[in-house]
Amino acid sequence: PSALLGFLLYHGQQDGGRYMPAKALNRRFFLLQAIMMLIDCITVAYISPILVSFGYSKLQIGQVMTLGALAATLARPLWGFLNDRFSCAKQVTLGGTAVGIACYFLLTWGGGQMGLTTIAVMGLYITVVCMMNFVDSWALRLINGGASLNYGATRAGGSLSYALGAAIFGMVVSRWGFRPGNVALWVLWILMCVVALSLPNPPPASHLDQKPVTLLQGFRTLRSNRVYWVMLAALFLCTLASGSMESFYSVLILSAGGTEQHVGFALFLQATSELPVMFGYSRLRSRLHLSAAPLMAVSMLCYALKALTLASAGSLNIILVAALFQALSFALFTPACVDFMLETVPGEYLAMGHLLFLAIGQGIGAVAGNALSGILSEYLGMAWMFRTVGFLALLASVLACCSAKMLKRRNFS
């Protein structure tokens, strides 16, 4: 392991700031996103069904997922610091993902013991969940450094692989259980090594003629950015809904008489619905002539509609069809969030701004959302839980509209 780590640390420090042709860069980043999302599908997407198979109650599931989200919130600043300080995106991605795969082994072979299960879930959130955001920050810094990277199109690679992986792995789980995923994950990690090591790291701070940033200095720079903080408040409220749906969507399917294969099909629908929006995001923005903020408001409104649909769903078919809201919620929000950072955050603090935005908005929001959804679903039922978080997502959409208006006034002033 130490020899491998030494090789990874050496490789890529030699290519900082040197970018390959645009087509090659986009193809390889497309593959990286595809592999990363497939790993996420096998590990994180099936945490709730695994906990259900262990016999955990809804309250226990909420508690375990809350601890996982809290761990991810605390870990994000460390991952961001490593990348900002050492420009080691590929090394962190590979190392963090390897540890996450080991945590999945602990989860599936731990026998359902509460202590081991909690450690494994927290480990998955610290690594695999954080790596998804970390790869976004990698792309953000490459774009700011001058790379011709189409984030929306490359992120579609993740949606495509997630769709196929969800459908296939759902059938595998129904027949053989969750443990076969361990072999598939290590094969995917080897493929990730081949792809990631061929990509450039972001340019070091010295290449950008800027001083190394710190969390404190980044916060000082961002604290007067009202547009940023209003949108951050909107993201926090929206994450209360999106985090609850992520944790309990598969539980709702199983409670409605579905199987792990139905869970896989629902995840397949979600991911395939993302593809047109991801691929067409740049063209959509150019035709509508909108900033990223209004698009984020629309995405939050769709999160609310999805939650309210799940709250009133009377059959398994309606629950499955609700997955299609993913097209205008997650698929629209993800590339719009990257553009929002580029539009509102100073270039020298892009990585730090993105880090704080996700750590507070999604990280702390997921902690609160998992705790809230676990309590509400246990004592009031999942229908009332989805109604409550759906209302919070509506408020988030209103706040996002306010942020968009503030940004428009600032640009014209």
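1. Start with the largest pocket. Its lining is made by Leu-38, Ile-42, Ser-161, Leu-164, Gly-165, Ile-168, Phe-169, Val-172, Pro-180, Gly-181, Ala-184 and Leu-188. On a 1 Å grid over the protein atoms alone, a pocket is an open set of points with protein on both sides within 12 Å along at least five of seven lines, and a lining residue has an atom within 4 Å of a point. The space in this pocket comes to about 160 Å³, a volume being the space filled by probe spheres set on the points, with grid points joined across faces, edges and corners.

2. A word on what you're looking at: this is a predicted model, where local features need pLDDT of at least 70 and side-chain atom pairs count only at pLDDT 80 or more, while totals for chains, interfaces and linings use all residues. Residues are numbered from 1 along each chain as its sequence is written, and side-chain values use heavy atoms, leaving out hydrogens and water.

3. Who builds that pocket? Helices α2 (22–43), α7 (151–176) and α8 (181–196) each put at least two residues into the lining, and α7 gives the most, with 6 residues. (Helices are DSSP runs of H or I, at least four residues, numbered from the N terminus.) The lining splits into 9 nonpolar, 3 polar and no charged residues. Here Ala, Val, Leu, Ile, Met, Phe, Trp, Tyr, Cys and Pro count as nonpolar, Asp, Glu, Lys and Arg as charged, and the others, Gly among them, as polar.

4. The largest cavity has a volume of about 1,100 Å³. Its lining takes in 48 residues, with Asp-40, Ser-242, Glu-246, Tyr-303 and Phe-330 nearest the centre. By class, that lining holds 26 nonpolar, 15 polar and 7 charged residues.

5. Helix α10 (residues 226–255) gives the most to the lining of the largest cavity, with 10 residues. (Buried means under 20%, exposed over 50%, partly exposed in between, with a 1.4 Å probe and protein chains only.) Arg-226 and Ser-403 are 177 residues apart in sequence, yet their C-alpha atoms are 8.0 Å apart in space.

6. How many salt bridges are there? The structure holds 2, a salt bridge being a side-chain nitrogen of Lys or Arg within 4 Å of a carboxyl oxygen of Asp or Glu. In one of them Arg-285 pairs with Asp-339, the closest N and O atoms being 2.8 Å apart. That pair links distant parts of the chain, helix α11 (residues 260–288) and helix α14 (residues 330–344), 54 residues apart.

7. Arg-285 also meets Glu-343 in a salt bridge, again at 2.8 Å from N to O. This pair likewise runs from α11 to α14, 58 residues apart. Arg-285 counts as buried because its relative accessibility is 18%, and Asp-339 is buried at 17%, whereas Glu-343 is partly exposed at 30%.

Definitions and conventions:
1 Å grid on protein atoms, 1.4 Å probe; cavity = no way out; pocket = protein on both sides within 12 Å on 5 of 7 lines; lining within 4 Å.
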